[in-house]
Amino acid sequence: MYRYLARQFPDPARIFLVHPIQLSRWLEVAWAAAPQVPVLGKSPATAQLGSTTVIADFDVPEELLKTLEPGILLNDPGNWQQTADRHTAPLLWDHLVYAYLIESTGVYEIIAKILARIVRGETLGKLRPETLQWARVMEELLFRSPPLFSIGGVESKLRDDDRINRRNAYWRMFGFDLPHAVPGLPPGAAPWKADVGNGANTAFGDRFRELLTQVWTGYENKINQVGANATDAQYVGLLAEALDDMLGNRRQGGLLSREELTYSAGMSLCDLTVASDTPVVQDLQATATSPAERLAKLGERVGVVPAPRARELFELSDPMSALLWGIELGLFNPNAAPESLYLPDTIGGPPTTLNIEVNRIIDLWQSATGTRIKIPTAGTGAAARQPAQPLRAPVPTPLPAPVPTPAPTAGPAKPAFAPAGVNGHRV
Amino acid sequence: MPTKQPAPTGQKPEPNGIDPALVDRLVRALESIAAQGQQAPTAVTSGIDNHDHHGPRPDPVRSRAARDYDVLRGLLGRADAPLPLRMHRKNEGYDTFVVIDDPIPPAARTAIVESPGDGKSGQLTEHIAIPDNGKGELELDEISADMPISRVELVDCHDALVAFGPSLPVFKS
């Protein structure tokens with residue numbers, strides 16, 4: 001969410017110059033504006049959240065909302081005006097998978113370490129006022145209890161650790177653990193799995209991988225009109241529907257909506273920190289050409305290694321968010337258009353944005369997880385072809401060799417993005 | 001003096017081993033390709049749409065899903081996606097309008113307004129030329145004030161989506 005607001009500023013990094021209470025209030029008005037989302041697919045508006053009334057059920061009444069407007073001024077971010085534009089065009093927050101992928105890079109733990117250094121001492125050298133404002137915003141919005149009665153109030157005495165709360169949501173929705181341990185927890189402890197029971201989508205990873213494999217089969221055969229063609233659009237639709245049902249089961253009645261908004265908004269602040277050469281990146285001499293490289297340099301300053309495949313995780317986060325919302329909206333179910341995942345609008349026509357993004361997800365997913373998806377289906381025996389590309393996506397610099405460490409979590413589930421033995425750990 | 005060449009000898013030609021089913025599929029595929037090449041220009045669907053459509057007609061179901069995905073990217077605030085715009089409804093006498101509050105992208109030429117309609121009308125879609133008076137007011141013809149609006153799309157002269165609006169409830173004065 002905050003990335004949309006940041007893009008309204010002449011320089012997105014100026015969002016960190018806005019007072020944290022204004023940013024917190026903006027999240028409140030953005031939640032309240034969600035029913036304006038246009039109808040997509042055949043579902044009623046906001047049905048993908050598990051309830052068509054979830055927004056109204058939890059929003060602040062409009063008259064009360066007006067008592068303290070966000071009042072954000074794009075040309076004067078340090079100021080406030082009651083009558084200022086709310087900057088809430090029809091928007092939907094990012095899917096929870098966005099928060100999972102961003103947090104999997106290790107950016108949250110690296111920022112935590114940087115903030116700890118900033119607020120406790122002077123070991124990072126001289127920092128500019130803009131960097132200290134960034135630190136204030138991040139500490140207030142990510143590392144302390146949210147304002148009372150706010151939509152982001154998903155932390156309490158019942159669930160007092162945000163790191164564990166987020167892992168609980170990831171576990172329930174995707175059956176995934178983060179690839180790094182929670183600082184301070186003994187190895188093997190996984191309190192986020194307590195009280196979950198059967199309410200965890202542990203089959204999500206397998207179903208999703210199968211969907212990508214089937215989509216690739218369709219993509220590979222999209223102009224094949226004479227040879228054997230293993231494409232089965234209805235099966236693609238069934239897989240999409242299974243994922244839709246699986247995720248929908250976790251959202252019944254609007255469950256996890258507030259958590260999803262809060263976690264994806266929080267992670268978007270981490271994402272924005274390394275999306276460009278922001279003041280903190282400059283002050284810590286971490287300027288680079290991609291978020292993953294900036295993150296690696298920031299990690300070096302505080303002795304934390306990010307995920308080895310951080311580059312793919314950053315690049316996956318946006319298209320995965322859109323694709324999973326599309327699946328939850330039923331756009332690719334058997335009675336809709338499953339073949340739109342791999343076929344263009346016209347036979348032989350240019351690929352749609354959807355085709356391009358899905359193909360990109362396949363490349364990045366197989367590179368990030370180490371599981372090959374692009375397996376050639378045409379040809380058998382001696383005629384079988386070798387994969388046309390290597391498993392891993394190219395990177396500008398060789399990755400550091402992973403240092404073996406004990407498994408960070410207990411239970412049968414593994415992080416989706418192994419190997420990440422050093423991710424989030426001090427070296 | 002020409003010499004008589006011996007008659008060619010050797011094995012008899014093999015009987016045709018091509019699978020008839022494969023031949024049938026090949027012929028149908030070639031016919032399909034030829035038909036695509038000869039297909040007449042697609043009929044212009046809107047009176048205000050004055051550009052030419054050539055080539056095969058897009059699959060409506062796939063097009064709709066791809067368009068939905070584009071809107072979804074815009075809803076997520078992606079930098080390279082169609083722009084989300086704020087809009088509201090207005091009534092003047094018997095006339096009902098959708099008013100675009102944000103600046104309209106210069107490339108936008110046509111607005112497509114969709115409504116689920118009511119029990120009698122069924123789903124309604126109106127194509128409205130973007131007025132060039134800078135007001136951004138779209139006068140509705142069939143969609144009445146007591147019908148909700150599910151979606152508003154702004155497309156350019158090539159029917160590419162450049163912006164979209166919110167869903168708007170039934171108008172209450």
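A: A residue is called buried if 20 or more other C-beta atoms lie within 10 Å of its own. In this predicted model, buried residues make up 47% of the 427 residues in chain A.

Q: What does the secondary structure of chain A come to, and how does its radius of gyration stand against the globule rule?

A: Chain A comes to 15 helices and zero strands. Its radius of gyration is 22 Å, close to the 22 Å that the globule rule gives for 427 residues, so chain A is as compact as a globular protein of that length. Taken along the principal axes, the box filled by its C-alpha atoms is roughly 65 × 50 × 45 Å.

Q: What percentage of the contacts in chain A with a separation of 6 or more comes from residues 24 or more positions apart?

A: Such pairs account for 74% of the contacts in chain A that have a separation of 6 or more.

Q: How should I read the packing of helix α14 against helix α15 in chain A, and at what angle do their axes cross?

A: The axes of α14 (residues 310-328) and α15 (residues 353-369) of chain A come within 9 Å and cross at roughly 135 degrees. Among the residues making the contact are L313(A), L316(A) and M320(A) of α14(A), and I361(A), L364(A) and W365(A) of α15(A). By class, the contact has eleven nonpolar, one polar and four charged residues.

Q: Where is P334(A) placed, and is it buried, exposed or partly exposed?

A: P334(A) is in the loop between α14 and α15 of chain A. This residue has 16 other C-beta atoms within 10 Å, and is therefore partly exposed.

Q: Which residues does P334(A) contact once its neighbours within four places in sequence are left aside?

A: P334(A) is then in contact with Q234(A), G237(A), L238(A) and E241(A). The C-alpha atoms of P334(A) and L238(A) are separated by 6.0 Å, although the two residues are 96 residues apart along the chain.

Q: How is an interface sized, and how many residues of chain B are in contact with chain A?

A: The size of an interface is often given as the accessible area lost when the parts come together. Here the description is by residue contacts, with 36 residues of chain B in contact with 34 residues of chain A. On the side of chain B that touches chain A, the elements giving two or more residues are α1 (20-38) and α2 (60-75) of chain B, and the largest share, 13 residues, comes from α2(B). By class, that side has 17 nonpolar, eight polar and eleven charged residues.

Methods:
Residues are numbered from 1 along each chain as its sequence is written. Chains are lettered from A and ligands numbered from 1 in the order in which they are written. This is a predicted model: local features need pLDDT of at least 70, side-chain atom pairs count only at pLDDT 80 or more; totals for chains, interfaces and linings use all residues. Two residues are in contact if their C-beta atoms, placed from the backbone, lie within 7 Å. Helices (H or I, at least four residues) and strands (E, at least two) are DSSP runs, numbered from the N terminus. Ala, Val, Leu, Ile, Met, Phe, Trp, Tyr, Cys and Pro count as nonpolar, Asp, Glu, Lys and Arg as charged, and the others, Gly among them, as polar. The radius of gyration is taken over C-alpha atoms; the globule rule is 2.2 Å times the number of residues to the power 0.38. A residue is buried if 20 or more other C-beta atoms lie within 10 Å of its own, exposed if 12 or fewer, and partly exposed in between; C-beta atoms are placed from the backbone. Axes are lines fitted to C-alpha atoms, for helices over the stretch in contact, and angles run from 0 to 180 degrees between N-to-C directions.
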